[in-house]
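Please keep the sequence and the coordinates at hand.

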Amino acid sequence: MTRAWSTVPTDEERYRPLYARVLGLRFVNPGGVLCFVFFEGAVALAVLLALAELVSWWAVLVLPTAVAAMVKLNDVVAAVVIRTAAQVPEQERDRFRRQMEPVVGRARVPTTARALPGGLTLAGDPRPTRAAVSCHQPGRSALPFDRPDEGARRTDPGIT
């Protein structure tokens, strides 16, 4: 029993859970616990809903069938996705790989920094910068020049 698109080798087919073999799943490969939840869990849920009289007793047959149909539909969709991915030309795959590769390089950084945060400058820098004001002074906000006369009062001769 060899299939062209089968992802499970034929030797391992007989060790698959009965639920997966009955549905003929080729691309979705649920384990034993998941198959138990899919079938017995659906039957148990349907029985509980029927005992609570929330649904009729037909739900005991319909709910496991609906779950099996959804699992099979998922397998069919996976087959379509894998087949269409296999039909993508090799050049398109190469172009996609080139686009997704991370770019590694070097950034040019000047050897000397001109200005430091807060208006401080390095010693020997001829360019003047604005004087820094400590943010911890009472009555002053951290935003620069938020009041009209703020620029005139911002001088601190101790900082160069």
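Tyr-19 is buried, its relative accessible area being 13%; buried stands for under 20% relative accessible area, exposed for over 50% and partly exposed for what lies in between, with a 1.4 Å probe and protein chains only. The model is predicted, so local features need pLDDT of at least 70 and side-chain atom pairs count only at pLDDT 80 or more, while totals for chains, interfaces and linings use all residues. Residues are numbered from 1 along each chain as its sequence is written, and side-chain values use heavy atoms, with hydrogens and water left out.

What does Tyr-19 form together with Phe-38 and Phe-39? The three make up one aromatic cluster. Rings of Phe, Tyr and Trp (its six-membered ring) pair if their centres lie within 6.5 Å; planes under 30 degrees apart are stacked, over 60 edge-to-face, and the rest tilted. This rule gives two aromatic pairs. In one of them, Tyr-19 and Phe-38 are tilted, at 6.0 Å centre to centre and 40° between the planes. Because Tyr-19 belongs to helix α2 (residues 18-23) and Phe-38 to helix α3, this pair ties together parts 19 residues apart in sequence. Helices here are DSSP runs (H or I, at least four residues), numbered from the N terminus, as are strands (E, at least two). Phe-38 is partly exposed, at 22% relative accessibility.

The rings of Tyr-19 and Phe-39 are also a tilted pair, since their centres are 6.3 Å apart and their planes stand at 45°. Here Tyr-19 of α2 meets Phe-39 of α3, so the parts tied together are 20 residues apart in sequence. Phe-39 is partly exposed, with a relative accessible area of 39%.

The axes of α3 (residues 32-51) and α4 (residues 59-86) come within 8 Å and cross at roughly 145°; axes are lines fitted to C-alpha atoms, for helices over the stretch in contact, with angles from 0 to 180 degrees between N-to-C directions. Contact (heavy atoms within 4.5 Å) involves residues of α3 including Phe-38, Phe-39 and Ala-42, and residues of α4 including Leu-63, Pro-64 and Val-67.

As for confidence, pLDDT is the predictor's value for each residue, from 0 to 100. The chain has a mean of 75, and 58% of its residues reach 70 or more. Confidence is highest in α3, at 95, and lowest in helix α6 (residues 150-153), at a mean of 53.
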